[in-house]
Amino acid sequence: MGREEGIREVEMGEKGSVEGDHEGQRDHEVVDDDGKPKRTGTVWTASAHIITAVIGSGVLSLAWAMSQLGWIAGPVTLLLFSFITFYTSSLLADCYRTSDPISGKRNYTYIDAVKSNLGGIQLWLCGLCQYVNLFGVAVGYTITASISAGAVHKSNCFHNRGHGADCSVTDSKYMVAFGVVQILLSQLPNFHKLWWLSVLAAIMSLVYSTIAVGLSLARIISGTVGKTSLTGTEVGVDIDSAQKVWKAFQALGDIAFAYSYSMILIEIQDTLRSSPAENKVMKRASFIGVSTTTTFYILCGCLGYATFGNHAPGNILTGFGFYEPYWLVNIANVCIVVHLLGAYQVFCQPLYAAVERWIAKKCPNLQILTHEHPLMVNKHIRCRINIFRLTWRTVFVAISTLLAILMPFFNDVLAFLGAVGFWPLTVHFPIEMYISQKNITKFTPRWIALKSLSFLCFLISLAAACASTEGVIKALHHYIPFKTKS
């Protein structure tokens, strides 16, 4: 009996050990090396996030930007910005993990990466630039979505009443409607839940960009085109010399905005699975995203400029260079609205998370921050609502919507956002972190090259910021809040 009991105990111990090993293996399968739920993102979901963030309202202003720069400087500037964006994004991808790109400590946000690699005053400057820019993007996307929604109404009006009819419409009501939808979408708890919205938004961006290219190409084939030149708008014919300089610099800001996504690159990278290495996958996703968007940018910019010439509208789909087929123009504008619904969240979720982490750190015992209230809409639709998340995110959307109503200036706002965000977030911090991480010695050829690139981009951003500020001030002088119709 004693021997049998001993055997049973050994067998039970072995069974318990095996079960324990299986449980440990299961635990290992559901969490990553940092103890957080296992990330499932791939190169394709990351590419979708990037395309959603990059191909945005900026693509619609590229024909105008080309008209200011001309056939030589325009395409060269587009290619130059795409190269700089991809290069600095590759540097930034290596900063997701500190010390070692495969096994180092994770940085969950852009500002975490700056804190780990630079710290000090650089951290505060980064936070200011990143979060102000993210908030500005929310305002810019609200403006753009409302203009596109209003363009659907105008398109139907022009089709029914003729191209000379008065089809003006107030954009404010569309801004409010966009804000209401964003309040609902903002209740998604975090960035990891957005993959489906990013895929949908990426598809929409490709659809309306393709429509814009197709409409421009059809106009070119028909022979109905505007006058173009190697240097763009002509001094003394289209504009005076001072405006030529201002608008050329503003065009640089528009192009810079069209490539802005570095501010959320680390957050996108934090959605990727651990194997293969996140930095390698992110570099591949950046290449796919930037090359795809650059192709569409060159097509939209060059074909749009060839179509409208030096008088290209600020937004080729809402400026009504295209009236027919009206249903196709409507589809493009609806796609823009759907895309911006997703893009708004892609940019704002990192800001939401940063504020909520900061408050949780300051008030760790505040239950309202973590308590989820179950809400059942019907048998099939259930969700959980956090009162703090509902309240503060609603306030954020309301403020961004109000500012959009007060300043509905498409090109000027885009140029300012691009100018303010491009140098610090796309160029300066990635280069500084790379230099710190790789311990690059001062005044070596590599150090000089990186610093020279940063300084050149600083000058471009400064010039674009001055020009766009002048544009906003000028637009404000001609605008009466709540009464202007577009």
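Guide: The bend at a residue is the angle between axes fitted to the seven residues ending there and the seven starting there, and helices are DSSP runs (H or I, at least four residues) numbered from the N terminus. This is a predicted model, in which local features need pLDDT of at least 70 and side-chain atom pairs count only at pLDDT 80 or more, while totals for chains, interfaces and linings use all residues. Residues are numbered from 1 along each chain as its sequence is written, and side-chain values use heavy atoms, with hydrogens and water left out.

Visitor: Is the crossing of α6 and α12 left-handed or right-handed?

Guide: The axes of α6 (residues 172-185) and α12 (residues 387-406), lines fitted to C-alpha atoms over the stretch in contact, come within 9 Å and cross at roughly 160 degrees, on a scale from 0 to 180 degrees between N-to-C directions. That angle makes α6 roughly antiparallel to α12, a term for angles over 145 degrees. A crossing is left-handed if the near helix is turned anticlockwise from the far one by less than a right angle, and right-handed if clockwise; that of α6 and α12 is right-handed.

Visitor: How many nonpolar residues are in the contact of α7 with α11?

Guide: Helix α7 (residues 195-222) packs against α11 at an angle of about 145 degrees, with the axes 8 Å apart, and passes α11 in a left-handed crossing. Contact means heavy atoms within 4.5 Å, and the residues making this one include Tyr 208 of α7 and His 339 of α11. Ala, Val, Leu, Ile, Met, Phe, Trp, Tyr, Cys and Pro count as nonpolar, Asp, Glu, Lys and Arg as charged, and the others, Gly among them, as polar. The contact has five polar residues, no charged ones, and nonpolar residues numbering 17.

Notes:
Helix = DSSP H or I, 4+ residues; strand = E, 2+ residues; numbered from the N terminus. Parallel < 35°, antiparallel > 145°, perpendicular 65-115°, else oblique.
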